[in-house]
Amino acid sequence: MGKYIYDAVFHAAEEGGYWADAPDLPGCVSEGDTINEAASMMADAMKTYVASLLLHGDEVPVSHIGHEADDGEIVIAVFFETDESYVIRGKVASAAQAARDLGVSAGRVTHMIDAGLLDGYRSGRRTYVSVESIKKRKADPRSAGRPRKEALQG
C-alpha cells in the first residue's frame, strides 16, 4: 500500500459549508458541512482518485506541499494510504438499499464499510456499497452487530 500526502485547498461555499480541491490532482474535489467533514471527505476523494490512477496504470502526479492560501482559503496537507484494491469494481447499491437488503440501518452500513465487512465508498454525501459484498454478507450467518461474549472468550 502506497503512502501519499497532497495539499487540499478549502473554500467557504456560498450556500454554507466548505468545498475543496487538490491542486496536484486535477478534478479531485469534495465538500462538507464543516471543515472537519470536508477534510474527511476530501481525504476519501484523494484516496479514490489515486487508487483509480494506479488501477488504470496511469502516472500518479508529484505532490507539491506548501501551497499558499489566498484570502478566505485554508490549505491542509492530507495524508492517506491507498492502492488499486480501494476502487470498487462491479455494480453498486446505495447505503439505503444495502440497509434494506441486510435488515440494518443505513448508519450501520457505514460502520460495516469502515470495519471492512462491506466494500463501499463515499461520493460527496452519498455512500455506495458493492452488490457483491452485500451478497457475501447475506450468505454469512454472522449478525451485523457486535460479537457475542462467547465468541470473544474462545
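Which strands and which helices do the buried residues of H4 pack against?

Modeller: Before I answer, please keep in mind that this is a predicted model, in which local features need a pLDDT of at least 70 and side-chain atom pairs count only at pLDDT 80 or more, while totals for chains, interfaces and linings use all residues. Residues are numbered from 1 along each chain as its sequence is written, and side-chain values use heavy atoms, with hydrogens and water left out.

The buried residues of H4 pack against strand E5 (92-94), helix H2 (95-102), H3 and strand E7 (126-130). The labels come from DSSP runs numbered from the N terminus, where helices are runs of H or I with at least four residues and strands are runs of E with at least two. Packing here rests on contact, meaning heavy atoms within 4.5 Å.

Helix H4 itself spans residues 131-139, and in this helix Ser133, Ile134 and Arg137 are buried. Seen down the axis of H4, these buried residues fall within an arc of 105°, so they line one face of the helix. The word buried stands for under 20% relative accessible area, exposed for over 50% and partly exposed for what lies in between, using a 1.4 Å probe and protein chains only; the arc is that of the directions from the helix axis to the C-beta atoms. On the face of H4 turned away from the buried side you will find the exposed residues Lys135, Lys136, Lys138 and Ala139.

Just after H2 comes Gly103, which takes a positive phi of about 70°.

Next comes H3, residues 106-114, where Val109, Met112 and Ile113 are buried. These residues cover an arc of only 100° around the axis, which puts them on the same side of H3. H3 is followed by Gly116, whose phi is positive as well, near 85°.

To place these pieces in the whole, the protein has five helices and seven strands, and along the sequence they follow the pattern β-β-β-α-β-β-α-α-β-β-α-α. The protein has 154 residues, of which 32% count as buried. Among contacts with a separation of 6 or more, 58% are between residues 24 or more positions apart.

The rings of Tyr4 and Phe80 have their centres 5.6 Å apart and their planes at 20°, so the pair is stacked; rings of Phe, Tyr and Trp (its six-membered ring) pair if their centres lie within 6.5 Å, with planes under 30 degrees apart counted as stacked, over 60 as edge-to-face and the rest as tilted. Tyr4 belongs to strand E1 and Phe80 to strand E4 (residues 73-82), and the two are 76 residues apart. Tyr6 and Phe80 form a stacked pair too, at 6.2 Å centre to centre with 15° between the planes. This second pair again joins E1 to E4, across 74 residues. Tyr6 and Phe80 are both buried, and ring pairs link Tyr4, Tyr6 and Phe80 into a cluster.

Asp7 is placed in strand E1 (residues 2-12) as well. Asp7 is buried yet has no salt bridge, and Lys3, the nearest side chain of opposite charge, is 18 Å away. A salt bridge would need a side-chain nitrogen of Lys or Arg within 4 Å of a carboxyl oxygen of Asp or Glu, and for charge Lys and Arg count as positive, Asp and Glu as negative, with His and the chain ends not counted. The side chain of Asp7 does reach the backbone nitrogen of Gly66 at 2.7 Å, and the backbone nitrogen of His67 at 2.7 Å. Leaving out residues up to four places away in sequence, Asp7 touches several others, including Asp21, Met46, His64 and Val75.

Technical notes:
A polar contact is a pair of N or O atoms within 3.5 Å; within protein, one must be able to donate a hydrogen and the other to accept it, and residues adjacent in sequence count only if both atoms are side-chain atoms.
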